[in-house]
Structures are given as C-alpha cells and as structure tokens.
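Take a look at the model first.

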Amino acid sequence: MVREFELPDVGEGVAEGEIVGWLVEVGDAVEEDQPVAEVETDKAVVEVPSPVDGTVQAIHADAGELVPVGTVIITFAEDGDETATEDEEPSETRTDTATETRSEVGAVESKDDGASDDGSGSASSGRVFAAPSARRLARELDVDIGAVDGSGPGGRVSDTDVRAAAESDDDGDGASTADEPAPKPAVERVEGGDESDPGPAMATGSASRERTLAAPATRRLAEESGIDIDSVPTDEERDGEAFVTPAAVEAFAESQRAAQDADRAALAGSGGEERIPYRGMRRTIGEQMARSKATAPHVTHHDEVDVTELVETRSELKAEAEERGIGLSYMPFVMKACVAALRAFPSMNAMLDEEAEEIVEKHYYNIGVATATDAGLMVPVVRNADERNLLELASEMNELVGKARERSISREEMQGGTFTVTNVGAIGGEYATPIINVPEVAILALGAIKEKPRVVDGEVVPRHVLTLSLSIDHRVIDGAIAAQFTNRVMKYLENPQLLLLE
C-alpha cells in the first residue's frame, strides 16, 4: 500500500514550513517514528517522523522549499505491500515513475515502456512535480515545464532545470525539449521587426515615440504595470499613428520582467551578489520587528550607571556559583533589578488591549532575554522571575539561551514575556534603540561595562560604568515614567546589596 504523507501542523497553527533537509532518500527503508525530514517553521526546526514502517518511494519537495501544511511531501510503500515491493528493485525506474505513484502504482508499468526508459524523468508523463517558484520561472521564461527534464527526486523540476531549458532554447541548438516547433520566446528583439507575425510584439527593446494611440483601459494597464506606453513596441497603427493594445502592454511588461530576472541571474552568477531566501526564521523576525515598529510609537530613554560595586559583588559570587555548576553573568542581577522596578511601576509590565481599549497590567514577571543565534534573534522567556533567586535565574536563563542557540527551544519557551532585556554590550557598543517586543510595552538594552572617569568625594577616579537604553511604547508609558523606572533599576545596580531584600 502506498502511503502519502502530508506536511503536518508542526507548530501552533502554522500555515507552512520550509524543508530544511531530507534525512532519507528514495529507496531507503524507514521505521515508524523515524525522522525523515527537518522542517523549519517560524522559530524552531523540528523533525518530521515517518508514520509507517516501509520504504521511501518518492520525495515531493526540495530542500529549501516552502511547503503549505497539508501538502504531500513524501510517499512511502508500507511494508508487506507486494505491489510496492516489486517497484522498488531498479532504483532508476523508481525515480522515473515516482511522480505517478501518488495516483496508483499500477500506472507505473505502462510508463516504463515509454518515456521513462531514457531516464528523462517526468517530462512527458503529463504530470509535473515542481515548486511554485519553478513554475513561475517557467512562465516568465516561456518554458514549457512539461518538456523539462527534472533533476530532482522523482523527476522534480527545479529552478535550475528551468533555466537550463531556457538557455538551451536561447542557444538555438534545436528543439531540445520538444519535437514541435519551439514556443515563441518571451524575449524577442523588436529591432528589424517580424513582418510575418501579426501577433503582439514581445521585446526587450523598447520603442521611443512621442505619441501613442491606446484605449483608456490600456493606458491604465500600462500605468499599473509601471510601463511607459510610448515605449511599448507595436506594429499596429490607427490613422497613421502607433496603436498599442492591452496584449502588447502585457507582453512588453513580461519581457521587461524576464530581462530583469536575467540581469539578476547574471549578477548572481558573476559572484557580485548572493540572493538568500527571505523566509523561515529570518522572515518571522522581520515581520515581528515591522509589526512592533509600526504598532508602538517608540521613545528611547538613555542613561548610565556606576556599577563598580556590582562588578565586585559578581566577582565574589562567581566562584561560588561555578562550584555549583552555574555560570553567573550580570544578566541575573539586571533581571532582579528590573523585576523590582516593574513592581514599583506596573505600567511598565503591561500590554495595550486595543480591541477592548484597556491597558492590562500583569502581576507576574516573565522576563525575555534577547539572544543572538546563528539563525537570528530569539527571545527565551524566564517565567516567574520574581520567584527565583540569583542562581535560579542564572541557571534557567543559561539553559534557555543554550537551547535557543542550539535551536532546540520550543515555541512555548519563547512566549508569554512581559518585559525584555537585551545585552548589546556583549557584542560591542554602548547605546541602542531596541525595538519593543510587542505586545510588551518596554525593552531595556544594556551596553558594555567600561571603566570611565567619575567624580567620587571630589576626586576623579576610574569607575565601572554601564549604559542603559530603555525603549517604551509611548501610547502606554510617559517619558517621566520611563525615567523613573530607569532610575529605580540604576539604584539596584549601583547598590546590589539591595537586591537581597527582593
């Protein structure tokens, strides 16, 4: 029995996932619950397990492809199925016919006699497996995707295959992908004309007229397409003037897009630039940042604090913490100072419920710790920070940050924050304008601790100084509150012994 396996909802209602990589190949035997693929949603990479014992018959999505939940990504032949077992023997045949096994295994035999003998994949089978991007590219390059030999699993057609087919056509080396006359290329030179073809011109070259006749709808179409209608090539005339039709506008716009794509491809091929897909975690981070920036009117309050005593205190406690197997950074001190200040200024630990038109002050303190990872910014959340001592905060934060960097952290461990702290000084720099992690209403950025001259008892002496940058949602928090909150945080950091009372 053939078992089609659809991409499941691997997160909390996610709509799509990116295939990071396949852990199996066509022909591999798999066991139930054996991971077969790694899929990235918005924050995490998860392994997708096989639902059955059997053999991989076909893989329907390429690594790097964005796949909607519910799409068939892999087909298995379950153990004990004789029909499937027979088809497993020659790997070449299995690959060529994989695209048809989704409908019925029996159809494979009839195809083995024909098109699949030459190993050309699915080109002539009538059903083509290709990513939406490949199909779109084929349309843009005027390539018949059904005539393209797919190089991917199961004859899947990739972008590279389409481009190769397009280049093959452009080279004029004959009808390499089909016996019938080659389709009219999307990019056709208008210079010299094509008097025998009454159809709309499709050209990369542009006309240069001072006057063009066209219907209002055609002019509107050109404007919407960003096309100068006087540049649209045409052989048609009305009353001795050039006349442009909607088809000519669309053809010209298409040719312009194809030319731009070709330019981008040429640049990419020359090594001058690299195009990286904007999706997965990077896109999620970007969308969240854009939403936060667009939603909350940001104001950032800057200050600096003498943390000489904190440096000494942390130095004294660090060795003791290490003996207990816990790394003690400055962050747990800052978290406790923030919790104490949040208690004093509850509007800083709140959210704005726009629908209900209410400010929701939260009486629990879940502190997010912005963490730079190889995959981008993540914000693990230490829950109930007010109920933990310094070492407990350090231990849990270290664990969560480690999981974030290993990308094994769960979505739940990054949700529910009420206030966020980010340490830009760990990398370098003193001040920042941190973006609020909406729906929170404030975020505190720490700069680097540096020795700076300070006046103490009338003398200039070197002191350890930490810079602070507090961004607030000005809809909820006034500048005065931001300054008072920062002052309270500074008080605890200047006098860390006060944290013993918290």
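What follows is about salt bridges and a charged patch.

This is a predicted model, where local features need pLDDT of at least 70, side-chain atom pairs count only at pLDDT 80 or more, and totals for chains, interfaces and linings use all residues. Residues are numbered from 1 along each chain as its sequence is written, and side-chain values use heavy atoms, with hydrogens and water left out.

Let's start with the salt bridges (a side-chain nitrogen of Lys or Arg within 4 Å of a carboxyl oxygen of Asp or Glu). The count comes to 15, including these:

| Pair | N to O distance |
|---|---|
| Glu304 and Arg454 | 2.2 Å |
| Lys450 and Glu430 | 3.2 Å |
| Glu241 and Arg211 | 3.4 Å |

Glu304 lies in strand 11 and Arg454 in strand 19, so their bridge ties together parts 150 residues apart in sequence. (Strands are DSSP runs of E, at least two residues, numbered from the N terminus.) Glu304 is partly exposed at 27% relative accessible area; that label covers the range between buried, under 20%, and exposed, over 50% (1.4 Å probe, protein chains only). Lys450 is in strand 19 too, with its partner Glu430 in the loop between strands 17 and 18. Bridges with shared partners join Glu304, Glu430, Lys450, Lys452 and Arg454 into one network.

Now for the patch. Glu31, Glu32, Asp33, Asp53 and Asp79 form a negatively charged surface patch; patch members have over 30% relative accessible area and no salt bridge, with like charges joined within 9 Å. Glu31 counts as exposed, at 56%.

Terms used: Patches are made of residues with over 30% relative accessible area and no salt bridge: like charges are joined within 9 Å, nonpolar side chains (Val, Leu, Ile, Met, Phe, Trp, Tyr) within 5 Å. Accessible areas come from the Shrake-Rupley method with a 1.4 Å probe; for residues, only the protein chains shown count as cover. Lys and Arg count as positive and Asp and Glu as negative; His and the chain ends are not counted. The place of a charge is taken as NZ of Lys, CZ of Arg, CG of Asp or CD of Glu. Helices (H or I, at least four residues) and strands (E, at least two) are DSSP runs, numbered from the N terminus.
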